[in-house]
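Here's a quick briefing to read with the model open in your viewer. It starts with strands, then moves on to the core, the domains and the ligand.

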Amino acid sequence: MTSGTCIYRFTRDLRIEDHAGLAQAAAHGDVLPVFIVDRALEARLAHAPRRAAYLCAALDALDRALRERGSHLLVRRGAPGAVLKHLARACAARGVAWSASYDAAGAHADERLRSELEEAGLRALVVHDAPAIAPEESAAARPSGGNGYRAFAPYFEVWRTLAVPTYDAPLLVRFAASDLQSEPLPQPNEFGAPDRACDAGPSAARAALAHFLQGAALQYAAGANVPSDDGTSHLSAHLSFGAISARGAVRATLERIEDPFLLSEERASLRRYLRSLAMRDFFLQLGYFHPESGEQALQEKMRAFPFSRTHAALDAWRAGQTGFPLVDAGIRQLRETGWMHPQVRAIAASFLCFDLGVDWRVGRDEWDRYLIEDDPALASGNWQWIAGVGADLVQYPRIFNPEKQRRRIDPSGLYVKRYVHELAHVPVAAWNGLRAHDAQLSLALFATESYPQPVVDHDAVARAFLARYRAFVAG
Ligand SMILES: Cc1cc2nc3c(=O)[nH]c(=O)nc-3n(C[C@H](O)[C@H](O)[C@H](O)COP(=O)(O)OP(=O)(O)OC[C@H]3O[C@@H](n4cnc5c(N)ncnc54)[C@H](O)[C@@H]3O)c2cc1C
């Protein structure tokens, strides 16, 4: 394509800094920035109001950044193919660029759009912007070749050796002069979300990362395991909407590691944080090379495992009323704030899959209604990993004892008390040894408070699950 106009369709990449997609579009002409609200997005936002609020605020910030550059965001509502073809005719554009999706639905939509545009004689450029290292790049470095990585350890060995590219020259992007009028920016109330202020967009994301790297990142190796300390970066929503590039987060962490005035434990913590960022890239490449893993287990042998779709205590799990304080605190944190501490996610997810024997997709879809993060590939990858049916981090069920875990990561009960108000005035010592049929405990804890009895006897159901699992694997 020679110089002219290239449409850039923003999706989950709502910034103009360090932008692989914009850089690619700018190499093909002046850039016309577009955002399309289609049926799929409308439905996705209508079922997750907090996510809708974040997206609307981030679009507002993007529009302001574009206006500072003499342009504006051109919003359209409709089917992407038809909208883009229409716009291409209106501004004589010869191509459309956008950033790749990593989940099955998004990847299919990308492919459909690509062929629709190409049939109309337009060039379609699908660019890797979301990961720090593009899937093809890590796959090319794989000694045995093949379709990317299914195990994190060898992936990380390669990932850490690859240079993270930069596209940090927004001034090189020239935006097209156009008199096309935009439809109004989407507003939270269109999707049933309250119109309230929301910390979204690039400046909120940069501030969160800078604050984290100056403080909690230096204790991340230990602090990330303590939910009451809030020792993680809270970058996931920002990364999922592309308010900050993963490349930028990796580079800033590498720069921090170079600080000569760090203790070696602090440097080790920063390396641990890099490993978390690499895990994001790992799950994105897994979704990219194995789109079928969005809806079925990556491990073929586990596809027929008889997880149930329901359980008498499923609604109690959904509502954070299982009688297991750590599980309930996590689920209530999610429903109250749109985010759950990562360690607690693992324990609450394990409880659903193993204590209740319920399918990982039921849990994933339930949390999707509350999470601000919009990263389906990470959701499926992590749920499958916990259920022991996905990536080969470890190939067995990760059964956590929710009470032992609570005593390990929240011994003072600070985290639980923050979200499980019924327990705020019950001494933590009374929680120890929580059992469904412990009469004395029932008197001490449950009789006078409204907190529910444990819905299962963890030891019994975990052993029963393992017996079913062993029989299935052997058969
Ligand atoms: C059962 C389960 C479900 C999850 N569902 C989602 C989801 O729907 N969407 C989502 O974005 N994340 C999901 N995660 C991963 C992780 O828990 C969240 O990204 C979490 O919000 C990270 O919080 P943070 O940004 O403070 O993390 P930090 O610990 O500060 O990590 C920094 C960044 O590294 C990445 N990262 C860290 N851990 C993981 C991981 N296990 N997998 C992939 N990337 C990781 C994230 O981008 C994160 O923002 C899930 C994890 C589990 C165990």
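Tyr8 has Ala97 as its bridge partner in strand S4. You're looking at a predicted model, where local features need pLDDT of at least 70, side-chain atom pairs count only at pLDDT 80 or more, and totals for chains, interfaces and linings use all residues. Residues are numbered from 1 along each chain as its sequence is written.

**Strands**
- Strand S1 (residues 5-10) pairs with S4 in the parallel sense, over five bridges. Strands here are DSSP E runs of at least two residues and helices are H or I runs of at least four, numbered from the N terminus; two strands pair if DSSP finds at least two bridges between them.
- S4 (residues 93-99) is also joined by five bridges to strand S5 (residues 123-127), and S4 and S5 run parallel. Ser99 sits opposite Val127 in S5.
- Six of the seven residues of S4 are buried, so to speak mostly covered (buried is 20 or more other C-beta atoms within 10 Å of a residue's own, exposed is 12 or fewer, partly exposed is in between, with C-beta atoms placed from the backbone).

**Core**
- Ile7, Tyr8, Tyr54 and Ala58 have the most contacts inside the largest nonpolar core, a set of 135 residues. Such a core is made of buried Ala, Val, Leu, Ile, Met, Phe, Trp, Tyr and Cys residues joined through C-beta atoms within 7 Å.
- H12 provides the largest share of this core, 11 residues.
- Beyond its neighbours within four places in sequence, Tyr54 is in contact with Cys198, Ala200, Ala237, Phe241 and Ile372 (in contact: C-beta atoms, placed from the backbone, within 7 Å).

**Domains**
- The protein splits into domain 1 (5-129), domain 2 (130-166 + 202-289) and domain 3 (300-474), with bounds from an automatic or database domain assignment.
- In domain 2, 18 residues are in contact with 21 residues of domain 3. H12 gives the most to the side of domain 2 that touches domain 3, with five residues.

**Ligand**
- Why does the ligand's shell lie between domain 2 and domain 3? Because both domains give residues to the shell.
- Thr232, Ser233, Ser236, Ala379 and Asn382 come nearest among the 26 residues around the ligand (near means a C-beta atom, placed from the backbone, within 6 Å).
- Helices H10 (236-240), H12 (264-289), H15 (342-355) and H17 (376-387) each supply at least two shell residues.

Terms used. Two residues are in contact if their C-beta atoms, placed from the backbone, lie within 7 Å.
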